[in-house]
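Here is a quick tour of one model, written for someone who wants to know which side chains meet which. Have the viewer open as you read.

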Amino acid sequence: MKNIVLIGMPGAGKSTIGVLLAKSMLMDFADTDLLIQKRHSSALCEIIKKHGISEFLQIENDVICKNEFHNCVVATGGSAVYGEKAMESLKSNGIAVYLKVEPCELEKRINNIHTRGIAMKNGTTVAELYAERKPLYEKYADITVECENAGVEENVQKIKRGVFYLQNKIL
């Protein structure tokens, strides 16, 4: 079984869906944001504040590349797609699933945008960040799941169907 790599904007549900997906598929679960925080003993927002966005993105890329995931659902940070090497590493033994949620819904879900630890320049809106990242999510996605009008369990089922279809198609 290949890893399942969840990509998408902050607030798309990668961590929440990832835990339930891993349980339902008898897989391990890893959250790259938590791996970064553990490595630096700091919250993401503190790491970004201390090192700046560019260095944070390098830290994220390094942490992802240095971890080996096996039989795992991996919830990436929303900015992981900026790291080409990280994405190559994740996709070498994984299926990337883009959890797509439109900016207006993301704004409703993210109430702590300034303390959450999102790699974005001051003054950038969620819509602008979405427009910047969307082409990268689409570039790396093997499967896209529209998550906006479905509950967590329904999205888990959509991902499972997509992964099983893709794996059977490859075989």
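At what angle do helix α2 and helix α4 pack, and how far apart are their axes?

## Ground rules

This is a predicted model, so to speak of local features we need pLDDT of at least 70, and side-chain atom pairs count only at pLDDT 80 or more, while totals for chains, interfaces and linings use all residues. Residues are numbered from 1 along each chain as its sequence is written, and side-chain values use heavy atoms, with hydrogens and water left out.

## Where α2 meets α4

Back to that opening question. Helix α2 (residues 32–40) packs against helix α4 (residues 53–66) at about 105°, and the axes are 10 Å apart. Helices here are DSSP runs of H or I with at least four residues, strands are runs of E with at least two, and both are numbered from the N terminus. The axes are lines fitted to C-alpha atoms, for helices over the stretch in contact, with angles running from 0 to 180 degrees between N-to-C directions. That makes α2 roughly perpendicular to α4 (65 to 115 degrees; under 35 is roughly parallel, over 145 roughly antiparallel, the rest oblique).

Who does the touching? On the α2 side, the contact (heavy atoms within 4.5 Å) uses Thr32, Asp33, Leu35, Ile36, Arg39 and His40. From α4 come Phe56, Ile59, Glu60, Asp62, Val63, Ile64 and Lys66. Sorted by class, that is six nonpolar, two polar and five charged residues.

Helix α4 also holds Asn61. At 11% relative accessibility, Asn61 counts as buried (buried is under 20% relative accessible area, exposed over 50%, partly exposed in between, with a 1.4 Å probe and protein chains only). Leaving aside residues up to four places away in sequence, Asn61 touches Gly83, Glu84, Lys85 and Ala86.

## One face of α1

Which residues of helix α1 are buried? In this helix (residues 14–24), they are Lys14, Ile17, Gly18, Leu21 and Ala22. Looking down the axis of α1, these buried residues fall within an arc of 130°, so they line one face of the helix; the arc is taken from the directions from the helix axis to the C-beta atoms. Just after α1, Leu26 takes a positive phi of about 55°.

## Salt bridges

How many salt bridges does the structure hold? There are five, each being a side-chain nitrogen of Lys or Arg within 4 Å of a carboxyl oxygen of Asp or Glu. One of them pairs Asp142 with Lys91, with the closest N and O atoms 2.9 Å apart. This pair links distant parts of the chain: Asp142 sits in the loop between α7 (126–140) and β5 (143–146), Lys91 in helix α5 (residues 84–92), 51 residues apart. Both ends are partly exposed, Asp142 at 36% relative accessibility and Lys91 at 25%.

Another joins Lys100 and Glu146, whose closest N and O atoms are 3.8 Å apart. Lys100 lies in strand β4 (residues 94–100) and Glu146 in strand β5, so the pair ties together parts that are 46 residues apart in sequence. Lys100 is buried at 14%, whereas Glu146 is partly exposed at 43%.

Glu105 is buried at 18%, and Arg109 is partly exposed at 30%. Salt bridges with shared partners bring Glu105, Lys108 and Arg109 into one network.

Note on methods:
Ala, Val, Leu, Ile, Met, Phe, Trp, Tyr, Cys and Pro count as nonpolar, Asp, Glu, Lys and Arg as charged, and the others, Gly among them, as polar.
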